[in-house]
Amino acid sequence: MTGSILFEAIVFLAGAIICVSIAKRLGLSSVIGYLLAGVLIGPYVFGFIGTEGEDIMHFAEFGVVVMLFLIGLEIEPKNFWNMRKTIVGMGGIQVGGTMLLSYILFTVLGFEWKVALVISMAVALSSTAIAMQTIKEKGLMETTFGSSSFSILLFQDIIVIFMLGFIPLLSNTDASASAENVSDHTNLLDGLPLGLQTLSIILSVVVIIVAGRYLIVPMLRKVAKTGVRELLIAAAFLIVFGISLLMEFVGLSPALGAFLGGVVLSNSEFKHELESTLEPFKNLMLGLFFMAVGASINFIVIANSPLEIGGILVAIIILKGIVLYITGHIFKLKLDQKLLLTCSLAQIGEFAFVLLSFAFGLNILEQEQMDMMLVITALSMSLTPIIGIINERFILPRTGTKESVKRPMDHIAKTQKIILVGFGHFGSTIGRFLRSHGVEATILDHDSNRVDFLRKMGFEVYYGDATRLDLLESAGIAEAKIVICATNKISVSKAIGKIIKEKYPHVEFMIRTKNRYDAYELLNLGNENIYRESLETSLTLAKDVLSKMGFRKYTLNRQVQNFIKYDEDSLRRLSQEPKDEKNYIFKAKKELEQQEKFLNEDFKRGIVEYDNHWDSEHIRKALNKTKKV
């Protein structure tokens, strides 16, 4: 029974649902839930799946393959060139510094120089899967920390190509000897001299780039002409599978090939279609990968050398943390951003599994060294979410408060009747519009680098965590009339709403939300002024389309207001309904039918009764006469 793929699928899904649900209920990252599920169902605890962690990692690598393909799609050559200084600068300093310190560490511990060099390469790489998942989950992608992390991870994903090409040069055995450790996994490079292996690795990268431009894109165009959506989905998976298989044939990481394939297709017309097609599968596959990391923690190896493994693990995290902190300091990140960067990327990444296995196959690493480093890699990835929680709950509140007291608190005595939380693209539009009408607001933002940048542009912005009562009180919430929450993080909106409801009920709270479901949650908590960020914009576009088709602007503006009124009423009714899919779909369908009926009736009645404004003929004639004069 335990050997059945259906049984293993059930175990994986059940473990994920139970453990991730518990983790989210406790306010933890979903990554922790997946890792815990992997530990419990893995071969070293309950033994439901796998015989050893390496087999499980090989099975779960597809999640990282899909993720790196999508990351590659996001990298447009133009944007890459614009970010080249940050990518090469931050990434180069981090990888180079970590490799140097790690090499010294493992040399001091008595490892041969070639072994120490290979391990230092693996240690220099952070986990793109864990870091990007955490950053997106917490809505930090638009912060300085988010863009800096992306730059470093992108550099690592690229430099691993050269690392894989360099490692064969370190092997002092012939091809037949190196094949002994990989007899169960043959590839096209087996039997070639080491110099030709390096050349073949470089040529395989070139093949992917050329094939992407002259083979894959034309194939996608032919598929798109059929008009069958499922064929495009099949084509997307064919691309990912095909590139991954090619890389496996030459002995490289499938994830690396998928990343290159994504980069090649980033400038094609199919970029957004491929992203939307694969996005739903990515998170589920990543969850499988995190579970595999948890299951690969070999407790037998840990029991044999607990002090050695624990000491090396702590040393690596500290060394990487020091290099990351220095990197942030060189690029003038503020203290909170440096701490986030340090804690998020201090682990060893998934490409370490690839590098270590590749080096082991070439007889550079011994079995004992291989087992130890695989365990340390898995443990470092498992500890990352825990380190992040410690940083957020115990370190940032202290260091962040000190920085905010030192910088904005001296000037925050100049309070306004309006407090604006979050000054990204959405919040800055609100702030500029208010200021253009002579209304000032006390502006708070949690990204210290953005605060300094906006101050240079003439905005009086204060750094701080607006969910802290002391900061809101310093910002003058007791005398304020309105608090606007323009951040896209619902956790911040909920926390501020709770403070206002309990301490300052006289203050009106106005909230930005990303979608209807966030709006439902906030409405059910007693918040009334909900503003969905895409509603007015989409209606403005629809209004302009109808205007170009001959509809009168006065009618359209009145209809937009009617639409918003009906949709807001519907939103409040639906927020009270149970969210089981069948019942929700039935109720939502009825609401949509009712809205369309009301709007159609308003439109017909408005043409007869009210449509004599704005675009009437005598105004048009008057305007035409003025233009001629």
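Predicted model: local features only at pLDDT ≥ 70, side-chain atom pairs only at ≥ 80, totals over all residues.
Ser428 belongs to helix α19, which spans residues 425-436. With a relative accessible area of 15%, Ser428 is buried, since the cut-off for that class is under 20%.

Burial is also the theme of helix α17. Ten of the eleven residues in this helix, which covers residues 351-361, are buried, so α17 is largely enclosed by the rest of the structure. Among the buried residues are the phenylalanines Phe351, Phe353, Phe358 and Phe360, along with Val354, Leu355 and Leu356. Ala352, Ala359 and Gly361 are likewise buried.

Just after α17 comes Asn363, with a positive phi of about 65 degrees. Asn363 sits in the loop between α17 and α18 and is partly exposed, at a relative accessible area of 30%. A positive phi also occurs at Lys332, where the angle is about 60 degrees although the residue is not a glycine. Lys332 is found in the loop between α15 (306-330) and α16 (335-344), and its 67% relative accessibility places Lys332 in the exposed class.

Turning to surface charge, Glu112, Glu308, Glu366 and Glu368 form a negative patch. Of these, Glu368 lies in helix α18, residues 367-406, and counts as exposed at 63% relative accessibility.

Methods:
Residues numbered from 1 in each chain as written. Heavy atoms only, no water. Buried < 20%, exposed > 50% of the residue type's maximum accessible area, 1.4 Å probe, protein only. Helix = DSSP H or I, 4+ residues; strand = E, 2+ residues; numbered from the N terminus. Patch = residues over 30% accessible without salt bridge, like charges linked within 9 Å, V, L, I, M, F, W, Y side chains within 5 Å. Areas by Shrake-Rupley, 256 points an atom, 1.4 Å probe, with all protein chains shown as cover. Salt bridge = Lys/Arg side-chain N within 4 Å of Asp/Glu carboxyl O. Lys, Arg positive; Asp, Glu negative; His and termini not counted. Charge placed at Lys NZ, Arg CZ, Asp CG, Glu CD.
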